[in-house]
Amino acid sequence: MINTELHKIGITDLAAGSSTGQQWFGHGPKITSYSPVDGQAIAVITASDARDYEKVLQTASQAKSIWADIPAPRRGEIVRQFGEKLRELKPALGKLVSYEMGKSYQEGLGEVQEMIDICDFAVGQSRQLYGFTIHSERPAHRMFEQYHPLGIVGIISAFNFPVAVWSWNAALALVCGNVIVWKGSEKTPLCAVACQKILADILQANQLPEGISSLLTGNAEVGKWLAADSRIPLISATGSTHMGRQVATTVAARLGRSLLELGGNNAIIVTPQADLKMTIMGAVFGAIGTAGQRCTSTRRLIVHEDIYEQVKTSLVEAYRQIKIGNPLEAEPHMGPLIDKAAVNAYSDALRKIEEEGGTFLVSGGVLAGHGFESGCYVKPVIAEVENHFKIVQTETFAPILYLIRYTGSVEEAIALQNDVPQGLSSAIMTTNLREAEYFLSHKGSDCGIANVNIGTSGAEIGGAFGGEKESGGGRESGSDSWKVYMRRQTNTINYSTSLPLAQGIKFNL
Ligand code: NAD
């Protein structure tokens, strides 16, 4: 199914899951990658064992000063070449993402476009790793701040954005002068192999040594090795809140830094003055896009009672038109979930909704028969619920949309929206300026992302991406997110002939 694409990317041997660049090796357990699209085994990849891990870390440790010695704009040039290669390979890599992860081909292409965008962003950033200068209180002194590379950046990523999330970290970490060690998701190992291969070939073409970009393959165990390793000053981890809690605890115990991008429970508030056509479009894409497997997927729709019935009717009508099927084909709006464990979590959630007193406006179910042989295709669901239900307070990574009614002012809707443990993305649909501004004020949304008249998903590369509360607190991608990949140093230079002390302290010998 994807042999031509793999060939274009330059993958001829699928056996090894550890790499320091041109060297590929693996001595751990075998991981079979199954496509949720058709249930076919795509590849068997040997995961990393402790020996492979050590080899990767030692090679990265040797490479880090070589890479950091290269001026930042020249590092940017390498990232530029990587972005160019991605442009060339966009259809092939996009198809691999779609086939291994199960998102639509359009979304697969979109993910590769995000990689290209962050490369472009990072190239510009490589000439803008600015510090401040500060006026000293002492005469003939100059103070300034500068940023230095950290060394090794460890990246742990989730299955749902199997290439983009790594690239957000990789492109910025590299221009900031760090070498990178990546453990991709065990559910999408081939996507990780492909990205590593593409970048490693660019590094080799520039006569750069092994260890600047490395790959590890494996499950949580390998991620735990990274988190515990004091040779890695920064761990950037994307995944569930459960994972983030464990990584944060381990990294904090060694006083390392972590950048956490975790689960969301994202809501759209729909006020009486919303544009309902845009609302329905935004809500449906947000809820069923990527089969509800985006960290920013719309989980809750908080709708004012005045328009509640109208929104309900339009939503049910829109859901009737949703086609489910092979995401590589143009027609279907929604493809499969990642695996059968995800299907079980979806079915569990439906049971809990019922147990807690929710009612289904659009009922769910697992699809079987022709075209659905993988067992990973489910129906999208809309349920009327109350915000305090335990199941509503949890992120279920599936196309389940909760409909919640509010009766009073926008403050009441915002209180409901904020009343969950997560704080990733949020949106308000309104044409009322006062409501929109209130939503964006400090009294409004408590999320890292707050949108007006667009949905909760589909962030652009230019803004800092991340969430509050159980969503982790980290920021990646645009704006000044690069700073997390560097260590900050404050410098004071005295060009006088005396040694005055700060705060006027006198000290004479
Ligand atoms: P997951 O937490 O199961 O796994 C994510 C990664 O962490 C995998 O590589 C896994 O092997 C590793 N891992 C798991 N436990 C670990 C541990 N204790 N120590 C070290 N590594 C460990 O998540 P998933 O099912 O792959 O992805 C879905 C989740 O990711 C959702 O909760 C989603 O919201 C979240 N996500 C968040 C963002 C964001 O930017 N906020 C982006 C994408 C996905």
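Start with the crossing of H3 and H6, which is right-handed. A crossing counts as left-handed if the near helix is turned anticlockwise from the far one by less than a right angle, and as right-handed if clockwise. Helices here are DSSP runs (H or I, at least four residues; strands are E, at least two), numbered from the N terminus.

This is a predicted model: local features need pLDDT of at least 70, side-chain atom pairs count only at pLDDT 80 or more, and totals for chains, interfaces and linings use all residues. Residues are numbered from 1 along each chain as its sequence is written.

**Stop 1: H3 and H6**

Select H6, residues 189-205, together with H3. The two pack at an angle of about 160°, with axes 10 Å apart. Axes are lines fitted to C-alpha atoms, for helices over the stretch in contact, and angles run from 0 to 180 degrees between N-to-C directions. H3 is therefore roughly antiparallel to H6. The classes are: under 35 degrees roughly parallel, over 145 roughly antiparallel, 65 to 115 roughly perpendicular, the rest oblique.

Now show side chains. On H3, pick Ile78, Gln81, Phe82, Lys85, Leu86, Leu89, Leu93, Leu96, Val97, Glu100 and Met101. They meet Leu190, Cys191, Ala194, Ile198, Leu199, Ile202 and Leu203 of H6. Residues are in contact if their C-beta atoms, placed from the backbone, lie within 7 Å. Colour this contact by class: 15 residues are nonpolar, one is polar and two are charged. Ala, Val, Leu, Ile, Met, Phe, Trp, Tyr, Cys and Pro count as nonpolar, Asp, Glu, Lys and Arg as charged, and the others, Gly among them, as polar.

**Stop 2**

**Stop 3**

Zoom out. Colour domain 1 (3-262 + 472-489) and domain 2 (266-452) separately. These bounds come from an automatic or database domain assignment. Taken over C-alpha atoms, the domain centres are 31 Å apart. How many residues does each domain give to the contact? Domain 1 gives 16 and domain 2 gives 16.

Look at the domain 1 side. H3 (72-101) and H4 (105-125) are the elements that give two or more residues to it. H3 supplies the largest share, four residues. By class, this side has six nonpolar, five polar and five charged residues.

**Stop 3: the ligand**

Select the ligand and its shell. There are 31 residues around it, and the closest are Ala158, Gly223, Gly239, Glu261 and Cys295. A residue counts as near if its C-beta atom, placed from the backbone, lies within 6 Å. Which helices give two or more residues to this shell? They are H7 (220-228) and H8 (241-253). H7 has the largest share, four residues. The shell divides into 13 nonpolar, 13 polar and five charged residues. Domain 1 and domain 2 each provide at least three of the shell residues.

**Stop 4: H9 and H10**

Finish with H9 (276-288) and H10 (305-320), which pack at about 50° with axes 10 Å apart. That angle makes H9 oblique to H10. Their crossing is right-handed. Select Leu276, Thr279, Ile280, Ala283 and Val284 on H9.

Notes. Contact = placed C-beta atoms within 7 Å.
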